[in-house]
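User: I would like to go through this model with you, starting with the backbone and ending at the ligand. Could you take my questions one by one?

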Amino acid sequence: MTRFTPENPRSDFSIFTHHADLVYLDSTATTHKPDGVLDAMAAFLKEKNATVHRGIYGLSVEATDRCEHVRQQVKGFINAEKEEEIIFVKGATEAINLVAHSYGKAHVGKGDNIVISHMEHHANIVPWQQIIESEDQLRVCQITDEGELDLEHLKTLIDNQTKIVALTHVSNVLGTVNPIKECISYIREHSSAKILIDGAQAIAHMPVDVQDLDCDFYCFSGHKMYGPTGIGILYGKHDLLLKMPPYQTGGDMIEFVSFEKTTFAKPPARFEAGTPAIVEIIGLGAAIDYIQGITLERLQEIDMELFELANTELQSIPELNLIGTAAHKSPVFSFTIKGIHSHDVGTCMDQEHVAIRVGHHCAQPLMKRFGVPATARMSFACYNTSDDIERAIKALKKTIGFFI
Ligand code: PMP
């Protein structure tokens, strides 16, 4: 059972006892892991280690059961209809590559198009570029100056040649929470395009119900939801997965192999070639336990409190230009400071033990859209407190005072 402390989640994370002075504001890049997740992974390795599938001995059977239990947990967590719809992958990046190279390559031909948005992470841009023949097949939905999807523009991009629409649920730079349900119902009414939602920044912050959303694919990474790196999930509708060719081939994904001909296993095994990330899957299960223990309602409450406070404080700094002021936002704040390079902001903040991210955040087209080479970014998770915000603002003001 993963220990959780809804009234003080910070106490669940040992990293803060090792770094008592740390103000960690980079959870969008990766979250810390609660002790319950680390303990579950260590206990598995110390007491139960074995590989999964085809094992005839007890430990292997147990390891297989544990991994399949996590598949069930994920199914419940995102309300998928069937456990076969849950595919273990390395992370959101691998999930999108899988869909692009499997479904995309088989269905996007000459004259067809793929629609994405201007706020996508490189992980939801580059894989699509790899499977099209000409650049005009990739259509990009504009965003407003506030950092919201331009829904009217989106409508003009969808036609009967649109084969895939791939949109982020929450922007890792702007914090914008996109109205994906509304987008999906429009797309469904006006085309037969398949819809992929990149949930990397949503999954630890809001309830996700893939049946209610009616998306075809939904993906996320374990390490952004209090779990380990090296594990993520691709959800895909079962009837679609059944028709999709494998992405990677080798062990574990076959039905029968001979030198003349190989047949493939049914999903999800068809898409899980090779030995899976067993201990990371166990860790992901413990991370889901953690989130469900704290509850998503409580996590949203914490997000809201941190958002309100940080937003007010940041907006009151005259030299600061906030990029992304959508009406519906997650606690992610990207900004530039007039006259100071973002990298200098990050370095100075680090001297005050405030860890923020600076750079293009794997969203170079978005940087270009706002006319900046880079931004500084503060992002929050359940272990952050109002003290963290106070210290971050103090460090930011000191930085500004130093340069200006
Ligand atoms: N999409 C978004 C919105 C992200 O923020 C990230 C990670 N920053 C990714 C995709 C890729 O995730 P990963 O690197 O874990 O595969």
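**Backbone, cysteines and ligand**

Analyst: Asn 79 lies in the loop between helix 3 (58-77) and strand 2 (86-89), where helices (H or I, at least four residues) and strands (E, at least two) are DSSP runs numbered from the N terminus. This is a predicted model, in which local features need pLDDT of at least 70 and side-chain atom pairs count only at pLDDT 80 or more, while totals for chains, interfaces and linings use all residues. Residues are numbered from 1 along each chain as its sequence is written, and side-chain values use heavy atoms, with hydrogens and water left out.

User: What is the phi of Asn 79?

Analyst: Asn 79 has a positive phi of about 55°, although it is not a glycine. Its relative accessible area is 33%, so Asn 79 is partly exposed. Buried means under 20% relative accessible area, exposed over 50%, and partly exposed in between (1.4 Å probe, protein chains only).

User: And what about Cys 362, where does it lie?

Analyst: Cys 362 lies in the loop between strand 14 (357-359) and helix 13 (364-369). Cys 362, although not a glycine, has a positive phi of about 55°. With a relative accessible area of 32%, Cys 362 is partly exposed.

User: Which peptide bond is cis between Pro 267 and its neighbour, and what is omega?

Analyst: The bond from Pro 267 to Pro 268 is cis, with omega near 5°. Pro 268 is found in the loop between strand 10 (262-264) and helix 10 (278-294).

User: Changing topic: how many disulfides are there?

Analyst: The count is 0 disulfides, a disulfide being a pair of cysteine sulfur atoms within 2.5 Å.

User: Is Asn 178 buried or exposed?

Analyst: Asn 178 counts as buried because its relative accessibility is 3%. Asn 178 sits in the loop between strand 5 (162-168) and helix 7 (180-190).

User: What does Asn 178 touch?

Analyst: Leaving aside residues up to four places away in sequence, Asn 178 touches Met 119, Leu 149, Thr 168 and His 169; contact means heavy atoms within 4.5 Å. The Asn 178 side chain reaches the backbone oxygen of Thr 168 at 2.9 Å.

User: And Ala 327, buried or exposed?

Analyst: Ala 327 counts as exposed, at 77% relative accessibility. Ala 327 is placed in the loop between strand 11 (320-323) and strand 12 (332-337).

User: Now the ligand. Which residues come nearest?

Analyst: Of the 13 residues around the ligand, Thr 93, Asp 198, Gln 201, Ser 221 and Lys 224 come nearest; a residue is near a molecule or strand if one of its heavy atoms lies within 4 Å of it. The shell divides into 3 nonpolar, 8 polar and 2 charged residues. Here Ala, Val, Leu, Ile, Met, Phe, Trp, Tyr, Cys and Pro count as nonpolar, Asp, Glu, Lys and Arg as charged, and the others, Gly among them, as polar.

User: What distances do Thr 93 and Ser 221 show to ligand oxygen atoms?

Analyst: A polar side-chain atom of Thr 93 lies 2.6 Å from an oxygen atom of the ligand, and one of Ser 221 lies 2.7 Å from a ligand oxygen atom. An N or O atom in the side chain of His 223 is 2.7 Å from an oxygen atom of the ligand. The protein covers 85% of the 400 Å² of accessible area that the ligand has on its own, with areas from the Shrake-Rupley method and a 1.4 Å probe.

Key
Polar contact = N/O pair within 3.5 Å; in protein donor to acceptor, adjacent residues only side chain to side chain.
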